[in-house]
Amino acid sequence: MTERTDFLYPFIEADERDAGALLIDLAESARGKAAASAELRRVTLEQSATAVGAAAAAMTDRFARGGRLFVFGNGGSSTDAASLAALFIEPPWGRPLPARNLVGDSAVLTALGNDVGFDLVFSRQLMAHAGSDDIAIGLSTSGNSRNLLNAFTEAANRGMLTIGIAGYSGGEMAQSRHVKHCLMVNSDSVHRIQETQAALGFALWRDVQARMANEENGR
Amino acid sequence: MTAMAEDLRGGRDVDIGDPLAIAALSLARRFAGGGTLWCIAPEWPEHARHVAVEFVHPVLVGKRALPAVSVDASDPAVVLRSLVRSGDVVLAVSSGDSSSTLAVMRRAEAWGAMTIWIGAGEPPTARAADHILWVDDDDDEQKGLAVHDGRMVLLYHVLWELTHVCFEHPGLLAATDEAECGDGEVCITCSDEGRLGEVIATNGPSSFSVRTARGVEMIDTMILDAVAPGDLVLIHAGVAIAVLP
């Protein structure tokens, strides 16, 4: 979405004293961004319903086999990865499920970054921890983060279930044969992408919980 | 707060756009004055880190890097007490009933810090922070889900976006912060009716060093029974007149 305020104030900014016009414009801009975010979430969840269901079914199967979830990302996406791991292991309702984020330990991250390079900070952790029952979820707004692509390659080679959550048109993650399920948020705003990526993660969690509850009731 | 809110109201219902606009301009003014943004999220530390990285390393090329820090401590008040300087901002991403967040928010005035509280679910009381940015989730099946599905993240993303818009208006950044007294009127914050202070050290039987928005002051506590470091006191004319519960 274009930023209206970029051209609304062509007068000499340093002499501007009345904040009223700016505040009105800021509030309008905030409402526009909130509306755009809500619409992107709605459209994305609608278009991704089948893909989310397939990924959640595969996740449920892995969890049932004793698998664990590993989540990773860079920058703001690293915090979203941590949030997603927390949702699985400390859920607001339902069954707590084993999940870890690979971005939380500064000793591990700096050791790997310093010794083998930042491109390998996630793949090397998967080599140490993960097996064929486990699940890898990587979040990237561009879909092109080298350390995520390397992690997906390692994960696929280990027989893990691989799920990518990407923005724009999915970047290299969407093309990679090592990413089994790729969920995409079609937007060119990093912020709006991250908001809807969180919604996709929540939809995955919710679907896994529902499937587990159904299986337990069915027995 | 009042003047800015008046500017915005214009007969319309208040929605999230208004408090976001006001918080963004206030935050930009603090940054312009040299302030640092301290971010806490006792229950969800990753959200504090997300806010801080937005400001420190902007996703949009050309936007300035601004000083923001996430503080991950079990009792953030203990750490922030030493780190926060007058003119800074403390931002919490937290549920409305977090006791460790409340402990920080009620002390921030004594530290000279402006406060922003972002969250979802049951909100804190209206005066718990200078700026409260809350997800309206009344229609949800369960309160607090917006913490997990991106709707709470939206609030701090938009706060970041609007703050940078404010930097395109340097003439408006020099203005006095609305929470402070600058126009000769008596305001609760700055008048001597009862300024908030946090006791930091004992100097003798009835003299204490107290941290206030003005700095460290020597305060007479003779009329109080017992005061200990960490206590919040109300100060009037150089004397502590009450200890807050």
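The paragraphs below go through chain A and then the cavities of this predicted model.

Chain A contains nine helices and five strands. Read from the N terminus, its elements follow the order α-α-α-β-α-β-α-α-β-α-β-α-β-α. The chain has 219 residues, and 53% of them count as buried. Among the contacts in chain A with a separation of 6 or more, 71% join residues 24 or more positions apart.

Rolling a probe the size of a water molecule over the atoms shows where empty space is left. Across the whole structure, two cavities of 30 Å³ or more are found.

The largest cavity holds about 120 Å³ of space. Its lining is made up of 15 residues, and those closest to the centre are D80(A), S83(A), L84(A), A198(A) and H148(B). Two helices of chain A, α4 (76-89) and α9 (190-218), each supply at least two residues of this lining. By residue class, the lining of the largest cavity has eight nonpolar, six polar and one charged.

The second largest cavity has a volume of about 60 Å³. It is lined by A41(B), P42(B), P45(B), A48(B), R49(B), S70(B), V71(B), D72(B), A73(B) and P76(B). Helix α3 of chain B, residues 45-56, gives the most to this lining, with three residues. Seven residues of the lining of the second largest cavity are nonpolar, one is polar and two are charged.

Conventions:
Residues numbered from 1 in each chain as written. Chains lettered and ligands numbered in written order. Predicted model: local features only at pLDDT ≥ 70, side-chain atom pairs only at ≥ 80, totals over all residues. Heavy atoms only, no water. Helix = DSSP H or I, 4+ residues; strand = E, 2+ residues; numbered from the N terminus. Buried < 20%, exposed > 50% of the residue type's maximum accessible area, 1.4 Å probe, protein only. Contact = heavy atoms within 4.5 Å. 1 Å grid on protein atoms, 1.4 Å probe; cavity = no way out; pocket = protein on both sides within 12 Å on 5 of 7 lines; lining within 4 Å. Points joined across faces, edges and corners; volume = space filled by probe spheres on them. Nonpolar A, V, L, I, M, F, W, Y, C, P; charged D, E, K, R; others polar.
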